[in-house]
Amino acid sequence: MATVPLVLVHGHPFDHTMWNPQRTAFSGGRRVITPDLRGYGTAPRGPEVTHFEQFAQDVRELLDELDVRACVLAGLSMGGQIVMDCYRQFPERVRGLVLADTFPAAETPEGVQVRHAMADRLLREGMRGYADEVLEKMVAPYATAEVKAHVHRMMTATSPRGAAAALRARAARPDYRDLLTRVTVPALVVVGTDDEYTPVADAEAMHAALPSSELRVIEGAAHMPNLERPEEFNEALGAFLAKVDASS
């Protein structure tokens, strides 16, 4: 049976290495693509993103370049919102959606102010102070030292300019809640039990909105269960991919 390629879209302010446990687990018999978003990681230093939709356009251009006609799209946090925008722009190329620790609503007026203020701060101070402050919200305080070090390293290595540009674009992103009700492909919604950024209630609402979805709540994890509890995350993802493969 042929396997559907898997595209994993990282969150903010991380890079493609956040998906290392998933690449290791699934690349043996499946094409696994883990790009760095514009402004992050090893992505070419081009113009910073100005509109959130550009992230999805970049993903489509990458799929064209790699000759990937259809795939399962998975994203965590901001990556999940990018995955939603991908489905909005080119649903015909999506065979399944994985939405991890994310939410579909547009930013609130207060949230817009917070994101712009943070963008200003990152440009002024760099990434380290922010990384120190949020580390134990990105991953749970009880996460392993190795996981904490990896997450902190990704955050401090991120370009302040790229991160600030993404925050400003994200502040003006669309509302995807109505889009979710029109999704025609299978979806997997995943969330960590102790996620403070996107709590379980957000995941339950997405699960209820999606016509064909399953919800997996992962115990002992916060905002990054793919790193904090990779075995549980991979078990859920692997079962979902098997279903998509069978239906494709």
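What percentage of the 248 residues in the protein do buried residues make up? Buried residues account for 55% of them, where buried means under 20% relative accessible area, exposed over 50% and partly exposed in between, with a 1.4 Å probe and protein chains only.

This is a predicted model, in which local features need pLDDT of at least 70, side-chain atom pairs count only at pLDDT 80 or more, and totals for chains, interfaces and linings use all residues. Residues are numbered from 1 along each chain as its sequence is written, and side-chain values use heavy atoms, leaving out hydrogens and water.

View 1. Helices (H or I, at least four residues) and strands (E, at least two) are DSSP runs, numbered from the N terminus. The C-alpha atoms fill a box of roughly 50 × 35 × 35 Å, taken along the principal axes.

**View 2. Six strands line up in an open, parallel sheet.** Read across, the order is β2-β1-β3-β4-β5-β6; two strands pair if DSSP finds at least two bridges between them. At the edges sit β2 (32-33) and β6 (213-218), each pairing on one side only. Helix α11 (residues 230-247) packs on this sheet and touches β1, β3, β4 (94-100), β5 (187-192) and β6, a contact being heavy atoms within 4.5 Å.

**View 3. Zoom in on β1 and β3, parallel neighbours with four bridges between them.** β1 covers residues 6-9 and β3 covers residues 71-76. Look for V7: its bridge partner in β3 is L73.

**View 4. Now for β5 and β6, paired in the parallel sense over six bridges.** V190 stands opposite R216 in β6. To get from β5 to β6, the chain passes through helix α9 (residues 200-209), making a right-handed β-α-β crossover. Right-handed means that, with the strands pointing away from the viewer, the path from the first strand over the helix to the second runs clockwise.

View 5. N226 is buried, with a relative accessible area of 0%. Its side chain reaches the backbone oxygen of M18 at 2.7 Å, and a polar contact of 3.1 Å joins the side chains of N226 and Q22. A polar contact is a pair of N or O atoms within 3.5 Å; within protein, one must be able to donate a hydrogen and the other to accept it, and residues adjacent in sequence count only if both atoms are side-chain atoms. Leaving aside residues up to four places away in sequence, N226 touches M18, W19, P21, Q22, L76 and F233.

Terms used
Axes are lines fitted to C-alpha atoms, for helices over the stretch in contact, and angles run from 0 to 180 degrees between N-to-C directions.
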